[in-house]
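Here are my notes on this two-chain model, in the order I went through it. Have the viewer open while you read.

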Amino acid sequence: MNDTPLLTMRGIVKRFPGVLALGGVELEVRAGEVHCLLGQNGAGKSTLIKVISASYQPDEGEILWEGKPAALSTPQASMDLGISTIYQELDLVPDLSVAENIFLGHELSTAGFSQRGETIRRTRELLARLGHSEIPPTRSVGRLSPAAQQIVSMARALSQDTRLLILDEPSAVLDQGEVDNLFRVIRNLTAEGVAVVYISHRLEEIRQIGDRITVLKDGSTVATGLDVNQTPTSELIKLMTGRAIEYVFPPRGDAPAPTGDPVLEVIGLELPGVFTGVDLSVHAGEIVGLAGLVGAGRSEILETLYGARRPSAGSVRVAGRELRRGSVPAAVKAGVGLAPEERKSQGLLLDQAIYRNITVSTLGRFSRLGMLDSRSERKRSAEVAESLDVRPAGVDRLVRLLSGGNQQKVVLARWLMRECRVLLLDEPTRGVDVGARAEIYTLVRSLADSGVAVVVVSSEVEEVLGLSDRVLVVREGRVVHEGPADEIDESRVLDLVMEGKVA
Amino acid sequence: MSGPFGRNLGLVVALLLICAAGIITAGDRFASIDNTLTILRYASTIGVVSIGMTFVITGGGIDLSVGAILALCSVWATTFATQTMAQDTHWILMVFVALAVGSACGLVNGIVIAYGKVVPFITTLAMLAAARGLAEIISERRTQIVTVDGFKDFFSADILGVPLLVIIFAVVSVAGWVLFNRTTFGRRTLAVGGNPEAARLAGINVNRHTVMLYVLVGFCCGLAALMLVSRTTTGSSTHGTLLELDVIAAVVIGGTLLTGGRGTIVGTVLGVLIFATLGNVFTLNNQDTSTQAVAKGLIIVVAVLLQQRLARNATST
């Protein structure tokens with residue numbers, strides 16, 4: 001292997017008005033390696049990526065490309081060196097075909113006329129190189145699964161002779177099988193000498209795919225070039241957080257199994273083609289988890305019992321009263337709250353102040369004859385935000401400026417403000433860093449202890465098992481197992497989830 | 001809080017510059033009480049509709065049919081006055097007719113958009129064609145002169161030297177500001193325009209709210225129709241031609257985002273005043289309406305360019 005690293009960054013500093021986003025970052029990426037970038041939300045990973053892709057200009061520091069100083073002055077300059085970035089939110093045009101997306105901006109053409117045949121041939125080549133020749137080049141991207149869309153993004157990167165590929169949480173939208181596939185693709189690329197910078201919150205993934213690790217904390221590099229196989233997890237967590245913690249789940253209450261009528265009762269719920277015959281009952285103070293693969297229908301079950309989708313059969317009762325089908329306002333009125341999977345696009349008003357996001361479901365309480373009392377609105381929001389330890393303090397800040405964990409707390413605060421009876425949590429810790437996760441778990445448990453019935457959906461089996469009292473395993477739209485969470489382990493759940501899938 | 005304030009300050013400066021231009025080029029003919037009232041009277045009709053439009057645009061929609069709805073309201077109300085109204089009924093019924101017709105048109109727009117899921121652009125374009133067509137049918141393309149004295153007397157009245165039309169505009173602006181900034185309705189409008197999916201999942205009835213937004217702008221059109229009828233003493237199917245252009249332009253240069261989620265009533269009022277004053281200065285200098293149209297076009301483009309720069313700066317920090 002060549003000794004000169006492909007990319008070297010030294011002492012990178014980036015300031016925003018009032019914020020030091022990066023305060024001295026060191027990074028060294030070699031050709032053919034998978035270099036993992038680890039750090040909590042707000043540690044500066046996103047900013048660093050934007051410096052590498054030249055969306056941002058660093059205020060200080062030195063960037064070397066193959067040992068020579070490189071001026072990454074425009075995104076185009078960065079692309080010309082062979083740097084491609086695949087962001088969390090994929091930037092594809094849904095109505096264009098796979099081939100058109102891949103060659104968008106550098107279309108193959110002669111005298112302005114596009115070479116359709118050649119474009120499609122090259123697209124096939126690229127998809128085959130990624131091991132996905134089953135994706136039809138002429139299909140519009142909007143009709144592909146998220147996993148296939150990601151492959152298209154990677155094909156687009158490869159179409160431009162990429163030497164450094166940055167992947168920002170690529171596994172967030174994928175299930176286990178798709179992640180394995182992604183890893184195979186990554187290995188093929190590194191074998192060809194492409195360097196990959198891989199960002200993920202999932203330590204187990206980093207163990208699987210990574211070669212070396214750089215850890216960021218509060219905008220600075222705290223460790224760089226760690227060998228993946230020789231650094232224990234506890235060490236990594238200590239580096240990221242500055243304290244040593246594992247996944248910590250709050251203890252379950254040792255109260256006897258709840259008796260009496262359930263707060264939430266779902267009978268025979270069916271959404272054609274997605275799930276069927278779902279029964280579910282949750283008592284006050286109980287946390288029930290739904291485990292299953294992405295696409296098994298977990299999120300859809302939550303959305304349906306919240307009224308965001310209209311079921312074809314079945315009933316949802318809250319405290320004994322049946323909810324009107326397919327009506328979110330009816331569910332909210334009955335005391336149901338949802339923290340949706342896609343926090344940014346479904347849960348939050350990003351350009352509005354924190355307090356407005358908290359009170360959006362309780363405006364009636366702060367108004368008389370429709371007139372809002374925004375002083376009491378701010379005051380109550382501040383109390384709730386403080387009790388959840390939303391950081392930084394102050395409710396006039398725009399939600400856009402908060403980290404993932406704190407954004408999730410704002411969504412929880414909204415339902416806490418409503419004093420809801422049933423809380424539905426869809427992927428409550430997606431994009432939330434390790435430290436803040438523990439806080440959210442504690443929060444959810446204390447909500448349950450205060451008498452709320454909680455339903456949790458998560459792709460991480462460990463989370464479902466650790467957090468819940470009772471677990472339902474969902475496979476292909478059916479509940480295949482129900483039982484206490486402490487009587488089942490991770491491998492058994494995975495068994496249930498996978499079972500019958502291959503045959 | 002310095003953001004919107006700074007933007008409004010920019011609009012005030014623009015308005016003052018136009019006034020300065022008026023004083024330099026037209027002198028006393030511009031800077032007189034009479035002329036000021038002329039500008040304000042002209043601004044009132046557009047202004048009332050612009051307040052309603054600010055809500056629709058902030059709520060993520062657009063209404064191209066305001067001019068046509070205004071024409072239909074004017075024709076319906078005057079037809080009612082001349083044909084249906086018995087001698088002894090009160091002229092206030094005319095007012096009710098105009099407001100009801102306007103609100104009903106808005107209701108149709110809103111229902112088609114919210115529940116039929118037809119994009120606002122197409123729905124209101126269809127309403128633009130249909131409402132003006134209906135106005136032509138009802139009036140048989142004739143200009144209808146209002147002879148109801150009670151109505152004319154009421155609307156042409158002054159209070160302490162301020163024409164009633166201007167007072168209506170002022171009242172609507174203040175009411176609009178309160179509704180926008182101090183009520184649940186206003187807050188929900190921001191939520192629905194900023195992120196309709198999040199608003200829906202937060203328990204807001206987004207469809208119903210959307211309908212209400214279009215009813216509101218329809219109501220404003222009815223009110224504006226009455227104001228225009230009293231100013232011109234006629235109802236006509238040609239009233240309010242291209243009003244949608246003036247109104248949307250005023251709202252946008254005022255600083256309301258066309259993408260929804262952010263809006264300003266103060267900005268809209270300033271936008272209306274800027275256009276009205278500019279038109280007045282051109283007229284006093286004997287420039288024809290074509291020149292005015294070119295100038296308006298330029299101003300709209302420059303304003304939107306500036307707005308986008310501001311929006312970019314706001315998100316990148």
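This is a predicted model: local features need pLDDT of at least 70, side-chain atom pairs count only at pLDDT 80 or more; totals for chains, interfaces and linings use all residues.

**Notes on the model**

1. Start with A:Tyr355, which is found in helix 12 (residues 354-359) of chain A. Helices here are DSSP runs of H or I with at least four residues, strands are runs of E with at least two, and both are numbered from the N terminus. Residues are numbered from 1 along each chain as its sequence is written, while chains are lettered from A and ligands numbered from 1 in the order in which they are written.

2. Is A:Tyr355 buried or exposed? A:Tyr355 counts as buried because it has 26 C-beta neighbours inside 10 Å. (The cut-offs: buried means 20 or more other C-beta atoms within 10 Å, exposed means 12 or fewer, partly exposed is in between, and C-beta atoms are placed from the backbone.) Leaving out residues up to four places away in sequence, A:Tyr355 touches A:Glu377, A:Arg378, A:Ser381, A:Val395 and A:Asp396; contact means C-beta atoms, placed from the backbone, within 7 Å.

3. From A:Tyr355, hop to A:Ala413: the two are 58 residues apart along the chain, with their C-alpha atoms separated by 9.5 Å. A:Ala413, A:Val444 and A:Val454 touch the most other members of the largest nonpolar core, which has 92 residues. Such a core is a set of buried Ala, Val, Leu, Ile, Met, Phe, Trp, Tyr and Cys residues joined through C-beta atoms within 7 Å. Beyond four places in sequence, the contacts of A:Ala413 are A:Ile358, A:Val384, A:Ala385, A:Leu388 and A:Val390. A second, separate core of 86 residues includes B:Phe169, B:Val211, B:Val266 and B:Val281.

4. Chain A overall: 17 helices and 24 strands. Its radius of gyration is 24 Å, close to the 23 Å that the globule rule gives for 503 residues, so chain A is as compact as a globular protein of that length. (That radius is taken over C-alpha atoms, and the rule is 2.2 Å times the number of residues to the power 0.38.) In chain A, 46% of the 503 residues count as buried, and of the contacts with a separation of 6 or more, 67% are between residues 24 or more positions apart.

5. Chain B has 13 helices and four strands. Its radius of gyration is 20 Å, which agrees with the value near 20 Å for a compact globule of 317 residues. Buried residues make up 51% of chain B, and residues 24 or more positions apart account for 82% of its contacts with a separation of 6 or more.

6. Worth a look down the axis: helix 5 (residues 120-139) of chain B. Buried positions in helix 5 of chain B include B:Pro120, B:Met127, B:Ala131 and B:Ser139. The buried residues of this helix fall within an arc of 150°, so they line one face; the arc is that of the directions from the helix axis to the C-beta atoms. On the other side, B:Ile122, B:Ala129 and B:Ile137 are exposed. Just after the helix, B:Glu140 takes a positive phi of about 50°.

7. Finally, the interface: 20 residues of chain B are in contact with 25 residues of chain A. Helix 8 of chain B gives the most to its side, with seven residues.

Methods: Two residues are in contact if their C-beta atoms, placed from the backbone, lie within 7 Å.
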